[in-house]
Amino acid sequence: MSTASQTGTPAPGQLTFVAPRRAKPARHLADLTMAERRAAVAELGEKPFRADQLSRHYFERLNGDAATMTDLPAAAREKLGAALFPRLLTPVREITCDGGTTRKTLWRLFDGALVESVLMRYSDRTTMCVSSQAGCGMNCPFCATGQAGLTRNMSTAEIVEQVVAGARELAAGEVPGGPGRVSNVVFMGMGEPLANYKAVIGAVRRLVEPAPSGLGISARGVTVSTVGLVPAIGKLADEGLPVTLAVSLHAPDDELRDTLVPINTRWKVAEVLDAAWEYAAKTKRRVSIEYALIKDINDQEWRADLLGKLIRNKLVHVNLIPLNPTPGSKWTASRPEDERAFVRRLEHHGVLVTVRDTRGREIDGACGQLAAAE
Ligand code: SAH
């Protein structure tokens, strides 16, 4: 199956907020709060404490195979397994680079939809980059995911399962560097996380809640990246979840941003930045501004100056991303000297800036390259 046959290819600038109606993935333990798990177990005629046992297996031991849960009565294993551990993700292919420390997995969901996740192990941390939608409706012209359109929203458990799969590989010592844990999760895979708000918030809660309720990953290690859905940024600020917010700005002026990030025709640069500052004020978390440097498109010094003026003295950090190549795109990364000049201009305004490394490029696993084709 190709992605193009799953959905229509959107016209340039066309935005899709509501996914085509599709059957929903089955309910999974990871969709549920602790109280909901106890209720679900009770409904199946089992003692509520079984929910705690199942949760320990899944979130502490990363085991989702009820048949091996020998502390449960044999009959209960089958019943609880069928009801709470449906198979949501089937691996289609895993490709690696960087000596096995960068690993991209293509997953098939229950309905045939395809998504990808990427594990990146560094000396001091391991980051899972996860998808929140199959496809994406935001249609940014430089991003491979956006070109195929939106297939559907993913469920909370489908998102969590990507992290659990990476955690399993690390725990089993399959990733070079010895047994390890997932320390960071970035919602920078396929999809616009804030367009699938409820499921994404559920997933964030599962990631940060301590075991047995969740995986116990520090909220500081979780980053939600958005094109700039202003009302949803406001909502996220009120969740009491101190996750890092990343805003994909890519241009400091509306004229250019209207073309690079089509949602800008709805919420302008000034509105997005205001929402970001409010997020920073409420959560005390430094906001990250993502800016893909595209040769001769958005990398001029005057644009760096304009960006610097808009964001100086704010709780902010700029992450410059050398543009990664995508099929059919005429754009390429900036010249090294233009990138250096851009960094210098921003630093001149006192803005913190880093250039992101482009891990996974050779396996089409870097930012904007996830297209999930077989
Ligand atoms: N929809 C969300 C999250 C997914 S993309 C968002 O847009 O923020 C994660 C980051 O990769 C975004 O900043 C996105 O703009 C950027 N990106 C997309 N295509 C890219 C490309 N070809 N090269 C570099 N970065 C890209």
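Predicted model: local features only at pLDDT ≥ 70, side-chain atom pairs only at ≥ 80, totals over all residues.
Residues are numbered from 1 along each chain as its sequence is written, and side-chain values use heavy atoms, with hydrogens and water left out.

**Exercise 1. The ligand shell**

Task: Find which residues come nearest to the ligand, and sort the shell by residue class.

Solution: Next, sort the shell: it divides into 10 nonpolar, 9 polar and 2 charged residues. In this sorting, Ala, Val, Leu, Ile, Met, Phe, Trp, Tyr, Cys and Pro count as nonpolar, Asp, Glu, Lys and Arg as charged, and the others, Gly among them, as polar. Finally, look at the strands (DSSP E runs of at least two residues, numbered from the N terminus; helices are H or I runs of at least four). Strand S8 (222-226) and strand S10 (287-293) each supply at least two shell residues.

**Exercise 2. Backbone atoms facing the ligand**

Task: Find the distances from nitrogen atoms of the ligand to backbone atoms of Asn324, Gly191 and Cys367.

Solution: Take the residues one by one. For Asn324, a backbone N or O atom lies 2.9 Å from a ligand nitrogen. For Gly191, a backbone N or O atom is 3.0 Å from a nitrogen of the ligand. For Cys367, a polar backbone atom is 3.4 Å from a ligand nitrogen. The protein covers 96% of the 530 Å² of accessible area that the ligand has on its own, by the Shrake-Rupley method with a 1.4 Å probe.

**Exercise 3. Helix H7**

Task: Check the span of H7, then decide how enclosed this helix is.

Solution: First, the span. The expected value is 1.5 Å times one less than the number of residues. Second, burial: buried means under 20% relative accessible area, exposed over 50%, and partly exposed in between (1.4 Å probe, protein chains only). In H7, 10 of the 12 residues are buried, so the helix is largely enclosed by the rest of the structure. Among the buried ones are Tyr197, Ile201 and Arg206. Third, the cover, judged by contact (heavy atoms within 4.5 Å): it includes helix H2 (34-43), helix H6 (156-171) and S8.

**Exercise 4. Backbone angles**

Task: Describe the peptide bond from Ala211 to Pro212, and the phi values of Asp98 and Asp364.

Solution: Begin with the background: most residues other than glycine have a negative phi, and most peptide bonds are trans. The bond from Ala211 to Pro212 is cis, with omega near 5°, and Pro212 sits in the loop between H7 and S8. Asp98 has a positive phi near 50° and belongs to the loop between strand S1 (89-97) and strand S2 (102-109). Asp364 also has a positive phi, about 50°, and lies in the segment after S12. On accessibility, Asp98 is partly exposed at 36%, and Asp364 is partly exposed at 43%.

**Exercise 5. A buried glycine**

Task: Is Gly360 buried or exposed, and which residues does Gly360 contact?

Solution: Gly360 has 0% relative accessibility, so this glycine counts as buried. Leaving aside neighbours within four places in sequence, its contacts include Cys97, Asp98 and Thr102.

Definitions and conventions
Near = heavy atom within 4 Å. Polar contact = N/O pair within 3.5 Å; in protein donor to acceptor, adjacent residues only side chain to side chain.
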